[in-house]
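Let's go through this one together, a question at a time. Have a look at the sequence and the model first.

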Amino acid sequence: MPNELSYEVSLERSNQIRADLPQHPEKYTMLTGDRPTGRLHLGHYFGTLKSRVELQELGVHTNVLIADYQVITDRDSTDNIQDNVYNMVIDYLACGLDPDKTMIYTHSAVPACNQLMLPFLSLVSEALLQRNPTVKAEMEASGHELTGLLLTYPVHQACDILFTKGNVVPVGRDQLPHIELTRTIARKFNNRYGNVFPEVDALLSDTPLLPGLDGRKMSKSYGNAINISMTAEETAKRIKKSQTDGERMITFDPEARPGVSGLLSTAAICTGRSEVEIAEEIGMGGSGQLKKYVTESVNEYFAPIRARREELVQDMDYVKDVLREGNRRANEVAEATLAEVREAMGMVY
């Protein structure tokens, strides 16, 4: 029988929550977010943004964090961070997040949230943090020595979730260790000081990971991503430059034909058709016909989002107001939670 922290149990609980969400959305508070290290792309949209909007429209209490402090967990610079943050807000709004329904805020603007790090750090051991697979992966990828901020990165995420009293967090399977650590911190705090924080569950994504145009992981560093902020012309150019192979017959084979298959996956998710169906339709049309189909599919799907985005770019005062109001609301919530924590710990003087 799988233990509580196993993937099988997490998946079962996630499925129960998904079934209950339409009937009782008010029971759930969701927290998710992004690091402002660059532009959001199609992988972000289909992987998370689309589902955030769906949860918002169901009536779930939705909170979206722009994790600006987490940028420096593995980077030596905050160059372009303000531009990245504002563009992230623009993308959120263009994709359908409503600031009247969803709290959009930044790490650095909510000191009470970050202050939770102190009591939370007393509840975890260094060995427990060292074992976190994301910490290991980030350290290896960056080539940096292990900083205190990177080591405590999972605790920072627990602060983000718990200050909002979040009880569901949309994640992929690889992020389950973070949810497990958050549950551990909440339980230990509640057992030691009194019941303040809820149990947190993973809302596991049922959306397959969208590969880049070359079949590899979608990443701006690979140049294989289509950004939400790209124009139709820029999208066409990016797709035209993508590498396929010399075989004229179009088939879906991610292992043997990653470039062709990456393009087919992009077209499939934008049209709601299967990769195999699209491949059979194009047949001997070759990579030229495939790229034309992918370009039309992406541009048609994102046309209304990009039109809305263009309107927002022309009204930066509104964009900045959205973030200021989100930060104000987040501070209210964080201060209230911190007051509960102080009360529970007997630190009200």
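Q: How far apart do the centres of the positive and negative side chains lie in the chain?
A: This is a predicted model, in which local features need pLDDT of at least 70, side-chain atom pairs count only at pLDDT 80 or more, and totals for chains, interfaces and linings use all residues. Residues are numbered from 1 along each chain as its sequence is written, and side-chain values use heavy atoms, with hydrogens and water left out. Lys and Arg count as positive, Asp and Glu as negative, while His and the chain ends are not counted; each charge is placed at NZ of Lys, CZ of Arg, CG of Asp or CD of Glu. With 37 positive and 49 negative side chains, the centres of the two sets are separated by 2 Å.

Q: Where does Gly212 lie?
A: Helices (H or I, at least four residues) and strands (E, at least two) are DSSP runs numbered from the N terminus. Strand 5 covers 201-204 and helix 11 covers 232-241, and Gly212 sits in the loop between them.

Q: Is Gly212 buried or exposed?
A: Buried means under 20% relative accessible area, exposed over 50%, and partly exposed in between (1.4 Å probe, protein chains only). The relative accessible area of Gly212 is 0%, so this residue is buried.

Q: Which residues is Gly212 in contact with, leaving aside its neighbours within four places in sequence?
A: Contact means heavy atoms within 4.5 Å. With those neighbours set aside, the partners of Gly212 are Lys217, Met218, Asn224 and Gly262.
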